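Student: I would like to go through this structure with you term by term, asking each time what stands behind the wording.

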Amino acid sequence: MFGILASIVDGVLVGAVYGLAAMGLTLIWGVMNVINLTHGAMIVAGMFGLFYLTTLGIPAYAALAPVLAGGFAIGIAVYWISVHRVIGRPPLMSLLSTFAMNMVLIGLGTAVWGTALFNVPVALPGITLRGYTFTGTHLMAAVLTASIAGALYLFLYRMRLGKAIRAVASNREAAELNGIPTTQVLALTFALGVALASISGALIATLFPFTVLSGTAYQLKSFVVTVLGGLGNPAGALLGGIALGLLEGLITPFMPVSWTTVIEFVVFVIVLIAFPRGLFAFVRHARTR
Amino acid sequence: MKKLQLLVVAFLCVFASAHVYAAEDTLTIGFTVSQTGPLNLDSIAQLHGFEMWRDDVNAAGGIKAGDKHYKVRFVTYDDQSQPGRVQQLYTRLIAEDKAQFLFSPYSSGLVATATVISEQYGKLMMSIGGAEPQTYRLGNKGLFQTYTPADHYLSGALELVKSKNPTAKIALVYSDDPFSKAVAIATREQSKQLGLSLVLDESYPPNQTDFSAIINKIVSSGADTLLGGGHYPDGATLARQLHDQKANLKWVTLLVAPDSPQFASLGAAAQGISVPSQWAPQVTYKPDFGPTPAEFTKRFQARFNIAPGYHAAGGYGGGLLFQRAIEQSGSIDPAKVAAELDKMNATTLWGATKFSTDPKSHGLQLAHQMVLTQWQMKNGQLVKEVIWPLAAATAPVAYPYH
């Protein structure tokens with residue numbers, strides 16, 4: 001019995017991190033209707049960022065801030081290179097553009113690092129109950145995720161710039177007419193989305209070893225979570241991630257682990273058909289449409 | 001004008017003779033390498049083994065076949081770790097690049113795909129890096145396996161566990177790919193024969209990222225021994241999470257991942273974990289031909305700045321076997337070379353090799369043995385020691401592993 005509870009708690013903890021990973025994707029998708037297929041590569045960039053900063057002697061959790069800043073800067077660059085010209089064009093163009101960028105980045109990454117495994121050793125005392133251990137790193141990652149999600153919410157709903165982002169998401173022309181520099185806001189939003197992806201990658205790197213190709217699995221989960229939470233709904237993404245983690249935690253004690261992916265995607269399809277605006281559409285989101 | 005014509009003719013003569021000269025003296029071996037994709041690390045290690053063999057052979061004047069000397073020339077492509085690409089590229093290697101012999105790609109899944117093509121065209125292929133045995137039970141004629149088949153991967157670990165803890169409770173947790181599944185099937189059978197109880201028996205998707213729920217399941221099952229894993233990233237993640245979650249096990253043997261020298265980067269999480277290996281640098285085989293394991297290790301380390309693992313040794317060994325068969329048959333005629341390989345019963349740095357000649361399992365490796373190595377602390381550093389079979393051991397078994 002306790003084993004099932006332990007699995008559920010573990011699932012929620014990891015699910016929070018899935019949610020953080022998805023927040024960046026859903027923000028970009030919801031605000032500018034761009035499906036960012038470099039999302040996985042940005043997660044990996046965060047992982048490598050953390051790895052190299054910790055080899056310089058910076059403690060793992062202190063290195064998260066520079067990773068966030070670095071991710072933001074990279075996001076601005078990626079925006080101007082592959083996204084700016086395809087906004088407002090058919091979605092297939094942004095899909096192809098970001099897909100191509102992703103191939104370039106992963107190809108470069110593989111050329112430099114191969115598929116060698118990298119590990120960031122982070123040790124925090126965990127909680128052990130009745131033989132089941134909840135690692136300190138998982139707990140810390142969940143706490144940090146909640147803080148970042150809270151900060152994002154405050155930014156989008158209480159600060160001028162955040163409100164400007166929501167305005168542009170709602171109606172770009174009207175926002176432009178109101179004096180909001182929409183191009184810069186879009187670039188900022190994209191960079192914010194990428195920064196969120198990279199910091200989620202850094203947090204994931206405190207939990208698991210990674211390779212250049214590790215981003216793909218999280219990108220896939222991010223799509224599922226984005227659908228569960230509703231497009232453009234960062235709070236929904238967090239809740240969706242936790243729901244996904246909860247689902248995984250509930251399934252594993254009762255069924256062979258290989259069924260988890262099957263069930264996840266069945267749920268994905270059901271939500272797409274029955275709840276197109278996401279399970280958590282009742283939570284306020286960046287788009288008011 | 002006449003001078004120009006003469007020059008052109010002279011140039012053509014030189015070019016033509018050079019071309020003819022080259023064609024007579026080279027042996028083309030074709031294969032694909034996973035330069036990109038998840039199999040990149042192991043495939044490139046295997047490539048380094050091939051390259052070292054080729055360079056050694058060519059430095060000694062080439063392969064002697066009768067009274068001709070053939071320099072070895074490789075034609076390689078990147079298969080991107082994908083079966084679809086393997087299919088296209090091996091067809092190209094045979095039909096366009098006119099490869100006379102083939103090496104396989106790395107990993108059982110890709111070897112199976114390449115075999116379909118090589119058998120279709122009636123070409124000889126030396127399989128290195130393909131342990132899954134089903135591929136060799138399809139009545140192939142030109143395929144030869146250098147690796148120990150997957151059925152025997154965990155045999156040593158089971159014997160060791162039985163000797164240390166006859167009432168061990170085993171959790172078998174493995175990746176859902178052809179190689180790991182083949183190992184799991186054999187392990188189930190062998191544990192039953194040894195009278196060991198299997199309390200958990202599960203597969204996970206090859207791209208599984210988080211093992212915490214699985215580890216909870218292992219704890220719930222009451223297991224004290226864990227056998228399984230798959231390939232590199234999942235094995236390393238599993239090892240790290242086992243350490244973080246303090247799963248209370250007495251013995252852990254994982255496939256493939258702990259064999260890489262990079263596994264040591266996991267630090268304390270790597271200590272005590274054992275891995276069945278096709279080969280280790282410390283083995284003491286006495287070769288009938290070719291360099292000794294120690295010589296090979298020293299030169300490999302000097303050239304590539306990393307200790308060789310079994311992938312590299314397998315590459316070199318595979319090349320040696322081809323070379324020997326050509327030299328013994330005195331020709332590069334595939335039928336004659338195949339006949340020599342069928343007769344071969346030799347030991348190289350790689351170990352003993354003998355190919356099955358039964359038509360139903362032609363080419364299956366019969367003689368090669370696995371060693372079990374364990375990561376142990378020695379003078380403050382993590383090193384891999386051979387712990388099983390006891391006759392080949394370089395250090396005592398550390399049991400419980402942690």
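Tutor: Let us begin with burial: a residue is buried if 20 or more other C-beta atoms lie within 10 Å of its own, exposed if 12 or fewer, and partly exposed in between, with the C-beta atoms placed from the backbone. By that count, buried residues make up 52% of the 289 residues in chain A. This is a predicted model, in which local features need a pLDDT of at least 70, side-chain atom pairs count only at pLDDT 80 or more, and totals for chains, interfaces and linings use all residues. Residues are numbered from 1 along each chain as its sequence is written, while chains are lettered from A and ligands numbered from 1 in the order in which they are written.

Student: What makes chain A as compact as a globular protein of its length?

Tutor: Helices (H or I, at least four residues) and strands (E, at least two) are DSSP runs numbered from the N terminus, and on that basis chain A has 11 helices and two strands. The radius of gyration, taken over C-alpha atoms, is set against the globule rule, 2.2 Å times the number of residues to the power 0.38. For chain A the radius is 19 Å, close to the 19 Å that the rule gives for 289 residues, so the chain is as compact as a globular protein of that length. Along its principal axes, the C-alpha trace spans about 60 × 45 × 35 Å.

Student: How do you know that the span of α1(A) agrees with its number of residues?

Tutor: The expected span of a helix is 1.5 Å times one less than its number of residues. For the 31 residues of α1(A), residues 2–32, this gives 45 Å, and the end C-alpha atoms are 45 Å apart, which agrees. Just after α1(A), Asn33(A) takes a positive phi of about 55°.

Student: Why is α9(A) called largely enclosed?

Tutor: Of its 15 residues, 11 are buried, so α9(A) is largely enclosed by the rest of the structure. Among these buried residues are Tyr218(A), Lys221(A) and Leu228(A), and the buried set packs against α1, α2, α8, α10 and α11 of chain A. After α9(A) comes Gly230(A), with a positive phi near 95°. α1(A) is likewise mostly covered, with 26 of its 31 residues buried.

Student: What makes up the side of chain A that touches chain B?

Tutor: Two residues are in contact if their C-beta atoms, placed from the backbone, lie within 7 Å, and the contact takes 33 residues from chain A and 33 residues from chain B. On the side of chain A, α1(A) gives the most, with six residues. By class that side has 13 nonpolar, 18 polar and two charged residues, where Ala, Val, Leu, Ile, Met, Phe, Trp, Tyr, Cys and Pro count as nonpolar, Asp, Glu, Lys and Arg as charged, and the others, Gly among them, as polar.

Student: Where in chain B is the pLDDT below 50?

Tutor: pLDDT is the predictor's confidence in each residue, from 0 to 100. The mean for chain B is 90, and 95% of its residues reach 70 or more. Over residues 18–23 of chain B, however, the pLDDT is below 50, and beyond near neighbours in sequence this stretch has zero contacts in the model. Where pLDDT is low, the predicted coordinates should not be read in detail.
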